[in-house]
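Me: I want to go through this model with you. Can we keep it quick?

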Amino acid sequence: MRKSIVILTVATVAAFSASWSIGPSGFSGWPGLPSSDILETGLLRAGMSIEYVDTDNGSIIRLPLKGCWGISDDFEVGAVVPVIPVDSPYDGSVIGDITLSGGWLYEKARGGTALKFTGRLTLPTGEEYRDRGSEIAVGGVSSTTFLDFRLSMSAEYALNGGRNPFDDTITDVMYFNAGGSSFITSDVLLYTGLNGSTSSVFKAGAGVEYLLDENLALNGGLNIGLNDFENFELYAGASWTGSGF
């Protein structure tokens with residue numbers, strides 16, 4: 001009984017802190033599930049994963065390199081550099097669209113509820129048809145905690161300029177995400193999410209994260225495309241967090 005209370009206490013405290021993985025756009029969060037957490041001042045989180053993506057035209061293997069840095073207690077910046085060594089459908093370059101991002105913690109209430117505003121710039125360094133191209137976006141993420149379950153929801157408005165934003169027609173799109181995460185022990189966390197956009201791209205996913213120690217975490221999971229383009233995506237990765245930066 002005492003051990004159960006200790007595990008629940010540790011899990012609840014951990015749920016209030018910044019996540020160990022790196023979510024979409026290089027922010028605090030998990031793969032496919034952003035959160036309103038912010039890295040503390042001087043913390044640096046670096047991560048890498050291997051992703052197998054099955055599409056109607058063939059398979060793609062991605063190795064995204066991610067980084068997130070806590071500039072202050074209310075502000076973090078992130079970056080994602082996707083390396084693509086295997087690109088069967090399009091036979092494109094080994095680099096995808098690079099993303100630079102920033103997040104500002106606008107408000108945090110008692111109980112773990114918080115609101116974070118986000119900004120993102122995606123550079124057209126990838127390939128046409130495979131990658132979305134240039135994009136500038138603003139949005140927000142809100143999370144709240146019920147015991148050891150953390151619910152997160154986000155929305156983002158983006159302007160897309162394709163490969164050449166000065167020549168191509170600029171279009172707008174909304175991205176949205178909803179999901180949750182929960183510790184089942186003091187070092188094992190489960191998360192799930194549903195994300196989509198007004199451009200008719202919808203995915204559902206789930207994953208697990210294992211905390212090896214206070215600095216290193218491993219994660220893996222599955223995303224399933226709910227339309228015809230992406231059939232499914234398998235991934236496994238690791239993230240490391242260090243202080244003094």
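**Patch, salt bridges, cavities**

Reply: Strand 13 (216-225) and strand 14 (230-242) each supply at least two residues of the nonpolar patch. Strands here are DSSP E runs of at least two residues, helices are H or I runs of at least four, and both are numbered from the N terminus. This is a predicted model, where local features need pLDDT of at least 70, side-chain atom pairs count only at pLDDT 80 or more, and totals for chains, interfaces and linings use all residues. Residues are numbered from 1 along each chain as its sequence is written, and side-chain values use heavy atoms, with hydrogens and water left out.

Me: Which residues make the nonpolar surface patch?

Reply: Tyr52, Phe176, Leu194, Phe202, Leu222, Ile224, Leu226, Phe232 and Leu234 make it, over about 740 Å². Patch residues have over 30% relative accessible area and no salt bridge; like charges are joined within 9 Å, nonpolar side chains (Val, Leu, Ile, Met, Phe, Trp, Tyr) within 5 Å. Areas are Shrake-Rupley with a 1.4 Å probe, and for residues only the protein chains shown count as cover.

Me: Where is Tyr52 found?

Reply: In strand 3 (residues 44-55). Tyr52 counts as partly exposed because its relative accessibility is 31%. The cut-offs: buried is under 20% relative accessible area, exposed is over 50%, partly exposed is in between (1.4 Å probe, protein chains only).

Me: Salt bridges next. How many does a search of the whole structure find?

Reply: The search finds 11. A salt bridge is a side-chain nitrogen of Lys or Arg within 4 Å of a carboxyl oxygen of Asp or Glu. One of them joins Arg62 and Glu51, with the closest N and O atoms 2.8 Å apart. That pair links distant parts of the chain, Arg62 in strand 4 (residues 58-72) and Glu51 in strand 3, 11 residues apart.

Me: Is Glu51 buried or exposed?

Reply: Glu51 counts as buried, at 10% relative accessibility. Arg62 is partly exposed, at 22%. Both also belong to a network of salt bridges with Lys203 and Glu233.

Me: What does Lys116 pair with?

Reply: Glu76, at 3.2 Å from N to O.

Me: Switching to cavities. How many of 30 Å³ or more are there?

Reply: There are 2. On a 1 Å grid over the protein atoms alone, a cavity is a set of points where a 1.4 Å probe fits but cannot get out, and lining residues have an atom within 4 Å of a point. Points are joined across faces, edges and corners, and volume is the space filled by probe spheres set on them. The second largest cavity has about 50 Å³.

Me: Last one, backbone. What is the phi of Leu147?

Reply: About 55°, positive although Leu147 is not a glycine. Leu147 lies in the loop between strand 8 (134-146) and strand 9 (149-162).

Methods. 1 Å grid on protein atoms, 1.4 Å probe; cavity = no way out; pocket = protein on both sides within 12 Å on 5 of 7 lines; lining within 4 Å.
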